Amino acid sequence: MKRYNIAMFNDSFRFDYNLEMVRGAAIAIKECGHHLIHVPMMAPTDDVDQVNAYFRRMTDFLVDMNADGFILPVGTLRSGRLVEGAAVDYMLEHIDHSKILCIEDHIAGIRSIAKDNCTGMRELMIHLLDHHHFRHVGLVEGPANSVGSQERHYMCVEELAKRHLSYVMTRGNFRGNNR
């Protein structure tokens, strides 16, 4: 059996969510008998231009070595503090799309695994409001530039508005420095 080399890009390990996402992928890939090439964006600088240049160089390196597959956590990469959308766009321009699996967000024409934030949040709110009769709701939102966070917020507010209920909202600290 051929052992595939699968590259996974990630914004950084500064945040627990990113670490757990890579850990889960590593376990799944190993269980299938393949290799994970993890590409963290842990450049020794916070200079956005340098980090994005590193990201482009790593993309070129993995394309040149003919990696068998690429896992792109698009939502995390695009909402990251250092990796800009332009770097993700560079990857999409240079990697054979048949080798890409996007996770978190859908990109037209590329295989994607994405959660359905709208349906999930709607069902959760209906359950909490109609089954358990919650009337005082607080929402801790994710990053403002996260499509998933925006979708969950919209569904939550929509279900509350249908019932003429108010809510309290705050933006969560997902940067790992709140311990």
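**View 1. Glu-159 in helix 6.** Glu-159 is a residue of helix 6, where helices (H or I, at least four residues) and strands (E, at least two) are DSSP runs numbered from the N terminus. The model is a predicted one, in which local features need pLDDT of at least 70, side-chain atom pairs count only at pLDDT 80 or more, and totals for chains, interfaces and linings use all residues. Residues are numbered from 1 along each chain as its sequence is written, and side-chain values use heavy atoms, with hydrogens and water left out. Glu-159 is buried, at a relative accessible area of 2%; buried means under 20% relative accessible area, exposed over 50%, and partly exposed in between (1.4 Å probe, protein chains only). Leaving aside neighbours within four places in sequence, Glu-159 is in contact with Arg-122, Met-125, Ile-126 and Leu-129, contact meaning heavy atoms within 4.5 Å. Glu-159 and Ile-126 are 33 residues apart along the chain, and their C-alpha atoms are separated by 7.2 Å.

**View 2. Packing of helix 5 with helix 6.** Helix 5 (residues 117-131) and helix 6 (residues 147-162) pack at about 35°, with axes 8 Å apart. Axes are lines fitted to C-alpha atoms, for helices over the stretch in contact, and angles run from 0 to 180 degrees between N-to-C directions. The crossing of helix 5 with helix 6 is right-handed; a crossing is right-handed if the near helix is turned clockwise from the far one by less than a right angle, and left-handed if anticlockwise. Helix 5 contributes Asn-117, Cys-118, Met-121, Arg-122, Met-125, Ile-126 and Leu-129 to the contact. From helix 6, the contact residues include Gly-148, Glu-151, Arg-152, Met-155 and Glu-159. By class, the contact has 8 nonpolar, 2 polar and 6 charged residues. Ala, Val, Leu, Ile, Met, Phe, Trp, Tyr, Cys and Pro count as nonpolar, Asp, Glu, Lys and Arg as charged, and the others, Gly among them, as polar.

**View 3. The nonpolar cores.** The largest nonpolar core has 18 residues, and those with the most contacts inside it are Phe-9, Phe-70, Leu-72, Leu-92 and Ile-100. A nonpolar core is a set of buried Ala, Val, Leu, Ile, Met, Phe, Trp, Tyr and Cys residues joined through side-chain atoms within 4.5 Å. Two or more residues of this core come from each of strand 1 (5-10), helix 2 (48-64), strand 3 (69-73), helix 4 (85-94) and strand 4 (100-103). Helix 4 gives the largest share, 4 residues. Another core, of 9 residues, lies apart from it, with Met-125, Leu-129, Val-137 and Met-155 among them.

**View 4. Ile-71 in strand 3.** Ile-71 belongs to strand 3 and is buried, with a relative accessible area of 11%. Not counting residues up to four places away in sequence, Ile-71 touches Ile-6, Ala-7, Met-8, Phe-9, Ile-29, Leu-101 and Ile-103. Ile-71 and Met-8 are 63 residues apart in sequence, with a C-alpha to C-alpha distance of 4.6 Å.

**View 5. Thr-59 in helix 2.** Thr-59 sits in helix 2 and counts as buried, at 0% relative accessibility. Its contacts, not counting residues up to four places away in sequence, are Phe-9, Tyr-90, Met-91, His-94 and Ile-95.

**View 6. Lys-99 and Asn-66.** Lys-99 lies in the loop between helix 4 and strand 4 and is partly exposed, with a relative accessible area of 22%. Leaving aside neighbours within four places in sequence, Lys-99 is in contact with Asn-66, Ala-67, Asp-68, Gly-69, Phe-70 and Arg-111. The C-alpha atoms of Lys-99 and Arg-111, 12 residues apart along the chain, are 8.9 Å from each other. Asn-66 is placed in the loop between helix 2 and strand 3, and its phi is near 60°, a positive value in a residue other than glycine. Most residues other than glycine have a negative phi.

View 7. His-164 is in the loop between helix 6 and strand 7 (167-171). Its relative accessible area is 75%, so His-164 is exposed. Phi of His-164 is also positive, near 60°.

**View 8. Confidence along the protein.** The average pLDDT of the protein is 80, and 82% of the residues score at least 70; pLDDT is the predictor's confidence in each residue, from 0 to 100. Among the elements, helix 3 (residues 74-79) has the lowest mean pLDDT (62) and helix 5 the highest (91). Where pLDDT is low, the predicted coordinates should not be read in detail.
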